[in-house]
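Take a moment to look over the sequence and the 3D picture before reading on. We will then walk through a few side chains together.

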Amino acid sequence: MADWHRGAGSVDDMLDVENKRLAENLATKVSRLKSLAFEIDREADDQNDYLDNMDSNFLSATGLLSGSVKRFSTMVRSGRDNRRILCYVSVGVVLVFFLLYYMVSRIQS
């Protein structure tokens, strides 16, 4: 009967060692998951800050564009001399664009 009791003790010891090993593995995995969750949280906060900054940048760009459109509309609605200047400026902008395009394409070739 002593052999049976000794055998049961060694099985209990083996099971105890196995449980401790599994518990350590589980603790390691939980620790990794916890650090990953903190990294995800930090990344989400960074992305939210980035999006908030983009939102304010878009709002300022919208304000700038709406002011430009108002000035352009006022210029178009005004007299004939302003329309002539507007045509000259428009043609000048188009020519500058094509000139820059030509220069860039020549540099890349």
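## Charged partners and a nonpolar patch

Let us begin with aspartate 16, which counts as partly exposed because its relative accessibility is 38%. Please keep in mind that this is a predicted model.

Which residue does aspartate 16 pair with? Its partner is lysine 20, and the two form a salt bridge whose closest N and O atoms are 3.6 Å apart. You can find both aspartate 16 and lysine 20 in helix H1, which covers residues 2–77. They sit four residues apart, about one turn of the helix.

How many salt bridges does the structure hold? There are two. Glutamate 18 and arginine 21 also meet through their side chains, with 2.5 Å from N to O. These two residues lie in helix H1 as well, three residues apart, again about one turn of the helix. The contact between the side chains of glutamate 18 and arginine 21, at 2.5 Å, is a polar contact too.

Here are the salt bridges side by side:

| Salt bridge | N to O distance |
|---|---|
| Lysine 20 and aspartate 16 | 3.6 Å |
| Glutamate 18 and arginine 21 | 2.5 Å |

Glutamate 18 has a relative accessible area of 33%, so it is partly exposed. Arginine 21 is partly exposed too, because its relative accessibility is 41%.

Now let us move on to helix H2, which spans residues 80–108 and contains leucine 100. At 48% relative accessibility, leucine 100 is partly exposed. What kind of patch does leucine 100 belong to? Together with Val96, Leu99, Tyr102 and Met103, Leu100 forms a nonpolar patch on the surface. The accessible area of these residues together is about 500 Å².

Finally, let us look at the aromatic rings. A pair of such rings is described by how far apart the centres are and by the angle between the planes. The count here comes to one aromatic pair. Phenylalanine 97 and phenylalanine 98 make up this pair, with 5.6 Å from centre to centre and 65° between the planes. The arrangement is edge-to-face, because the angle is over 60 degrees. Both phenylalanine 97 and phenylalanine 98 are exposed.

Note on methods: Residues numbered from 1 in each chain as written. Predicted model: local features only at pLDDT ≥ 70, side-chain atom pairs only at ≥ 80, totals over all residues. Heavy atoms only, no water. Phe/Tyr/Trp six-rings, centres within 6.5 Å; stacked < 30°, edge-to-face > 60°. Buried < 20%, exposed > 50% of the residue type's maximum accessible area, 1.4 Å probe, protein only. Patch = residues over 30% accessible without salt bridge, like charges linked within 9 Å, V, L, I, M, F, W, Y side chains within 5 Å. Areas by Shrake-Rupley, 256 points an atom, 1.4 Å probe, with all protein chains shown as cover. Salt bridge = Lys/Arg side-chain N within 4 Å of Asp/Glu carboxyl O. Polar contact = N/O pair within 3.5 Å; in protein donor to acceptor, adjacent residues only side chain to side chain.
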